Amino acid sequence: YSKLSHKKWPEFLPTMTTQETLFYYFIINENKKPKKTFQSIFANKENYNKFISIMKNNSYLNENNKIDIPIIFFAGILTFLKKNGIIKKVKNIDIVKFLKDDFNFEISPSSFSSATPYPTKDEEKKLFDDLSKEFMIKY
């Protein structure tokens with residue numbers, strides 16, 4: 001700084017318009033920010049991989065990444081995982097967006113308010129049991 005102090009400020013400052021500055025700012029920062037995905041809502045990648053594996057093993061996720069599960073039941077599963085720290089504390093609207101983007105699975109935010117984080121039918125118990133065992137959590 002002391003070597004530059006004898007110069008006038010505008011002489012050594014590059015001349016760029018505000019538009020150019022913003023353009024370069026967004027170009028530089030676009031690649032630095034990780035893209036948010038359904039995987040990013042999980043506490044870690046290992047938890048995401050376990051969840052996907054359990055969903056496939058229970059035939060709720062096929063080889064084409066198509067989720068086939070009743071919406072309220074799935075909302076309950078996600079609420080259960082969120083309450084137990086497997087899924088980060090994120091807004092339900094973000095979960096809805098990532099499910100739509102990554103799996104083309106539509107679920108409404110109101111479904112989360114109707115969700116119960118425990119099985120309500122016998123056929124739901126197996127998935128809850130598998131998740132509980134894998135993540136060492138109770139419902």
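Which residue forms a salt bridge with Lys126? The partner is Asp130, and the closest N and O atoms of the two are 2.8 Å apart. We will come back to this pair, but let us begin with the whole picture.

What you see above is a predicted model. Of its 139 residues, 33% are buried. The accessible surface comes to about 9,900 Å², and carbon and sulfur atoms hold 55% of that area. Among contacts with a separation of 6 or more, 60% join residues 24 or more positions apart.

Now step inside. The largest nonpolar core has 36 residues, and those with the most contacts inside it are Phe38, Phe51, Phe74 and Leu99. Helix H3 (45–57), helix H4 (71–83), helix H5 (92–103) and helix H7 (122–135) each supply at least two residues of this core. The most comes from H4, which gives 7 residues.

Aromatic rings deserve a look of their own. A search of the whole structure finds 13 aromatic pairs. One of them joins Phe42 and Tyr48, which count as edge-to-face because their ring centres are 5.5 Å apart and their planes stand at 75°. Phe42 is buried, at 2% relative accessibility, and Tyr48 is buried too, at 15%. Ring pairs also link up into a cluster made of Phe38, Phe42, Tyr48, Phe51, Phe74, Phe103 and Phe105.

Nonpolar side chains are found on the outside as well. Phe23, Tyr24, Ile27 and Ile28 form a surface patch, with about 420 Å² of accessible area together. Ile28 belongs to helix H2 (residues 18–30) and is partly exposed, since its relative accessible area is 48%.

Next come the charged residues. Side chains of opposite charge can pair when their charged atoms come close. The count here is 6 salt bridges. In the pair that opened this tour, Lys126 and Asp130 both lie in helix H7, 4 residues apart, about one turn of the helix. Asp130 is partly exposed, at 24% relative accessibility.

With Glu134, the closest N and O atoms of the Lys50 salt bridge are 3.9 Å apart. Lys50 lies in helix H3 and Glu134 in helix H7, so this pair ties together parts that are 84 residues apart in sequence. Both Lys50, at 21% relative accessible area, and Glu134, at 36%, are partly exposed.

Finally, turn to the backbone. Most residues other than glycine have a negative phi. Asn104 has a positive value, near 55°, and sits in the loop between H5 and helix H6 (109–114). Asn104 is exposed, with a relative accessible area of 57%. Met136 also has a positive phi, near 55°; this residue lies in the segment after H7 and is exposed, at 75% relative accessible area.

Definitions and conventions
Residues are numbered from 1 along each chain as its sequence is written. This is a predicted model: local features need pLDDT of at least 70, side-chain atom pairs count only at pLDDT 80 or more; totals for chains, interfaces and linings use all residues. Side-chain values use heavy atoms; hydrogens and water are left out. A nonpolar core is a set of buried Ala, Val, Leu, Ile, Met, Phe, Trp, Tyr and Cys residues joined through side-chain atoms within 4.5 Å. Buried means under 20% relative accessible area, exposed over 50%, partly exposed in between (1.4 Å probe, protein chains only). Patches are made of residues with over 30% relative accessible area and no salt bridge: like charges are joined within 9 Å, nonpolar side chains (Val, Leu, Ile, Met, Phe, Trp, Tyr) within 5 Å. Accessible areas come from the Shrake-Rupley method with a 1.4 Å probe; for residues, only the protein chains shown count as cover. A salt bridge is a side-chain nitrogen of Lys or Arg within 4 Å of a carboxyl oxygen of Asp or Glu. Rings of Phe, Tyr and Trp (its six-membered ring) pair if their centres lie within 6.5 Å; planes under 30 degrees apart count as stacked, over 60 as edge-to-face and the rest as tilted. Contact means heavy atoms within 4.5 Å.
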